[in-house]
Amino acid sequence: MSLLPDFSFYNAVIYIIKGTGLTVSLIIGSMLIGLTLGLPMAAIQVYGPRWGRFLVGLYVWFFRGIPILVLLFLFYFGIFGLAERLLGQILERRINLPPFLATLVTLGLTSGAYQSQIFRGAILSLHLGQYKAALSLGFTRVGALSHIILPQALRVAIPAWANEYSILLKDSALAYVLGTTEIMARIKQMVWITHLHVPFYILAGLIYYFLTWLGIRALKRLETKTRIPGLGMEMEAEIAKNDQSV
Amino acid sequence: MTNQSSVLPFERPKAAQAETRPLMEARNITKYLGGKLILDQVSLSLNKGEFKVLIGPSGSGKSTLLQCLHFLLIPDKGDVLLEGKSAMDMSHKNICAFRQEIGMIFQDFNLFDHLTAKDNVAIALRKVKKWSKDQALSKARDELDKVGLADKAELYPAQLSGGQKQRVSIARAMAMEPKLMLLDEPTSALDPELIGEVLNVVANLAKGGMTMLMVTHQIGFARHLVHEINFMENGRVIESGHPESLLANPASRTAMFCARLSELTGNQ
């Protein structure tokens with residue numbers, strides 16, 4: 001215990017919980033990067049030219065086909081290593097890009113691939129007729145997408161987005177391999193110091209469970225709030241009827 | 001059908017004769033879809049104030065023709081002229097301006113599900129014509145009032161009946177103050193008891209002198225109101241003429257088709 005003179009279990013828990021901030025900013029950041037990339041990619045896949053669809057397809061296959069752990073190492077040692085060397089040569093001093101950045105970019109790019117498929121599905125679930133109706137009123141293609149299609153596609157995508165959130169949250173636990181001091185890295189440190197494996201892994205599980213619950217609840221609330229009056233009522237009434245008869 | 005008889009007493013409005021060039025003209029439009037010839041050199045013209053109808057068996061290219069006239073589909077060959085100006089080879093921006101001049105009514109309404117009736121009407125005014133919110137909403141209320149839906153302005157499409165949805169879509173198209181309207185089977189997705197309210201609105205537009213081209217199978221409605229029936233089959237207009245003369249001639253394809261139609265539906 002000489003490493004941490006004032007070590008106590010209480011302090012350890014506080015230390016780990018402080019890592020939550022890093023995890024949460026990692027999640028929010030990569031969700032947003034994924035959203036900014038995923039939306040236009042989905043639009044290109046549905047409405048875009050052949051070469052655009054091809055490029056997006058390549059991108060999606062790349063990120064869906066490679067484990068996130070491999071991607072993290074590839075980006076950190078490969079692209080970020082290269083960037084550090086190039087920047088170092090230009091600025092003529094040693095550059096260290098924080099592992100947090102590499103993790104954020106990797107998770108964000110991966111999430112972009114998955115989110116593009118979420119939004120592609122959401123756009124395809126909408127009636128093509130609304131897009132045509134918007135064009136017939138004089139909207140440009142971009143205008144029709146942003147004013148008519150996206151507001152609805154985003155609503156449709158919320159449940160799948162909640163799913164993506166919970167997956168991403170747990171993927172972010174891999175960030176410790178690069179030395180980002182998020183929840184999992186801190187758990188590992190505490191386990192290493194105390195050799196108390198089970199209690200700390202239980203704590204890790206509880207924190208991730210709580211964060212999942214919180215995010216999904218918030219998104220569920222968003223789903224209810226943005227619900228379009230009258231839409232889907234028939235189906236819900238039908239399901240309720242079936243529930244009663246069972 | 002009782003609903004239709006209520007729209008019959010209108011006089012057929014006189015089309016303006018003085019105009020030398022047609023308001024809209026389609027010249028030899030050819031369109032392939034999926035390698036199949038859908039439109040085979042179709043020509044058609046509409047003078048200001050004219051109300052024409054397209055009928056014909058399904059798959060004859062009626063909807064495709066309307067979409068080509070509106071440039072929702074780009075014709076492979078031929079030309080579309082609006083007030084003498086060709087629409088072929090226009091830039092994307094000009095195509096959007098071209099489409100604003102033409103209203104389109106779809107068979108399945110295509111209202112924007114996430115917007116109330118009044119916002120459905122107002123959104124293009126705001127985002128395309130860049131009107132202020134107040135201006136657009138006040139225009140939207142006027143247009144909804146004209147189709148008898150002033151009291152439904154705050155409802156969402158999913159809260160409206162089919163007939164009400166189609167009337168909102170007519171208000172939405174009319175709010176843009178188009179030079180002509182294209183109607184693609186506006187009543188064929190409706191329950192029989194809701195057809196009358198939509199046809200009434202269409203009849204009112206005709207009375208107001210709106211230039212219209214409508215795909216419909218409501219021959220009883222059309223024959224008393226329109227200036228010309230165009231009969232399409234296999235991607236061509238094979239007959240066109242005044243409804244009375246076409247329908248009076250039992251040997252015409254139009255008359256035979258309509259007779260078969262009324263046998264099936266028991267109408268007229």
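Student: Among contacts in chain B between residues at least 6 apart in sequence, what share joins residues at least 24 apart?
Tutor: That share is 67%. Keep in mind that this is a predicted model.

Student: Okay. How many helices and strands does chain B have?
Tutor: Chain B has 10 helices and 10 strands. Its radius of gyration is 18 Å, close to the 18 Å that the globule rule gives for 268 residues, so chain B is as compact as a globular protein of that length.

Student: And what does the C-alpha trace of chain B span along its principal axes?
Tutor: About 55 × 45 × 40 Å. As for burial, 48% of the 268 residues in chain B count as buried.

Student: Let's do sheets. What's the strand order in the open sheet of 6 strands in chain B?
Tutor: Reading across, the order is β6-β7-β8-β3-β9-β10, and the pairing is mixed. At the edges sit β6 (102-105) and β10 (236-241) of chain B, each pairing on one side only. From one strand to the next, the twist averages 20°.

Student: Within that, do β3 and β8 of chain B run parallel or antiparallel?
Tutor: Parallel: β3 (residues 51-55) and β8 (residues 211-215) of chain B pair over 4 bridges.

Student: What about β1 of chain B, which strand do bridges join it to?
Tutor: Strand β1 (residues 24-33) of chain B is joined by 5 bridges to β4 (residues 77-82) of chain B, and the two run antiparallel. There, B:E25 faces B:L81 in β4(B).

Student: Which strand forms a hairpin with β4(B)?
Tutor: That's β5(B), with 2 residues between the strands. β5 (residues 85-86) of chain B and β4(B) pair in the antiparallel sense over 2 bridges. B:L81 turns up again here, opposite B:S86 in β5(B). Have a look at the turn too: B:E83 has a positive phi of about 50°.

Student: Switching topic. How does the domain assignment divide chain B?
Tutor: Domain 1 is 2-101 + 179-265, and domain 2 is 113-178. Taken over C-alpha atoms, the centres of these two domains of chain B are 24 Å apart.

Student: Last one, the contact between the chains. How many residues does it take from chain B and chain A?
Tutor: 21 residues from chain B and 21 residues from chain A. The elements of chain B giving two or more residues to the side that touches chain A are α3 (92-100) and α4 (117-127). Of these, α3(B) gives the most, with 4 residues. The residues on that side of chain B divide into 12 nonpolar, 5 polar and 4 charged.

Student: Great, that's what I was after. Thanks!

How values were computed:
Residues numbered from 1 in each chain as written. Chains lettered and ligands numbered in written order. Predicted model: local features only at pLDDT ≥ 70, side-chain atom pairs only at ≥ 80, totals over all residues. Pairing = 2+ DSSP bridges. Axes fitted to C-alpha atoms, helices over the stretch in contact; angles between N-to-C directions. Contact = placed C-beta atoms within 7 Å. Nonpolar A, V, L, I, M, F, W, Y, C, P; charged D, E, K, R; others polar. Domains from an automatic or database assignment. Rg over C-alpha atoms; globule rule 2.2 N^0.38 Å. Buried ≥ 20, exposed ≤ 12 C-beta atoms within 10 Å, placed from the backbone.
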